[in-house]
Amino acid sequence: MSDSNSRTDPKALAEYLSKNYAQLQGLMKQADTKANILIALIGAILSIFFNFLMSESNRLVVWQTATVLSLLLISGTFAILVIYPKISKPSGKFSLTYFKDAQNVDTEKWTKKLINSDQEELITKDIMDNIKIISSILDKKFNKLRIAYILFGASIFIKTIFDAIIWFY
């Protein structure tokens, strides 16, 4: 078997990596969108809650109110951490797909480096490094989003239990 037949087609590899990278970017947008929706929902619930607290028909006990509000605020904090931009990159490696590196690149030096090297290998390594970094960021985002959803659900569940206790007693 010849060496040329055993190598992966560079165009196929580049296409595969590009699709993977785009899919990860889509997942990142999805996590940010879900966090934004949760933040808006928490904001609406808190405004209704505060209007209710100011009304004269408020019969909730202080510790019940504090419990629900605390869970909502902690949930909102985790949701905000999901969308908070991560400016620094985890690896110290140079990458043209990282905006700060691309902004500060010496174009002549980088062009010569690309021309004088194995471009396919250099680009493939760069994309693979970025896929690894984005995957790590996504893992953190979805873990924080999961915690925010759990706390939000717990606050709604506890509020429902408190309301049921008040209605039946």
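1. Ile 161 lies in helix H6, residues 119-168 (helices are DSSP runs of H or I with at least four residues, numbered from the N terminus). Ile 161 has 35% relative accessibility and therefore counts as partly exposed (buried is under 20% relative accessible area, exposed over 50%, and partly exposed in between, with a 1.4 Å probe and protein chains only).

2. The model is predicted: local features need pLDDT of at least 70 and side-chain atom pairs pLDDT 80 or more, while totals for chains, interfaces and linings use all residues. Residues are numbered from 1 along each chain as its sequence is written, and side-chain values use heavy atoms, leaving out hydrogens and water.

3. Among the buried residues of H3 are Gln 64, Val 68, Leu 72, Ser 75 and Ala 79. The buried residues of H3 fall within an arc of 155° seen down its axis, so they line one face of the helix (the arc is that of the directions from the helix axis to the C-beta atoms). The face turned away from this buried side carries the exposed residues Val 62, Trp 63 and Leu 73.

4. The largest nonpolar core has 15 residues, of which Leu 38, Ile 42 and Leu 72 touch the most other members (a nonpolar core is a set of buried Ala, Val, Leu, Ile, Met, Phe, Trp, Tyr and Cys residues joined through side-chain atoms within 4.5 Å). Helices H2 (10-54), H3 and H6 each supply at least two residues of this core, and H2 gives the most, with six.
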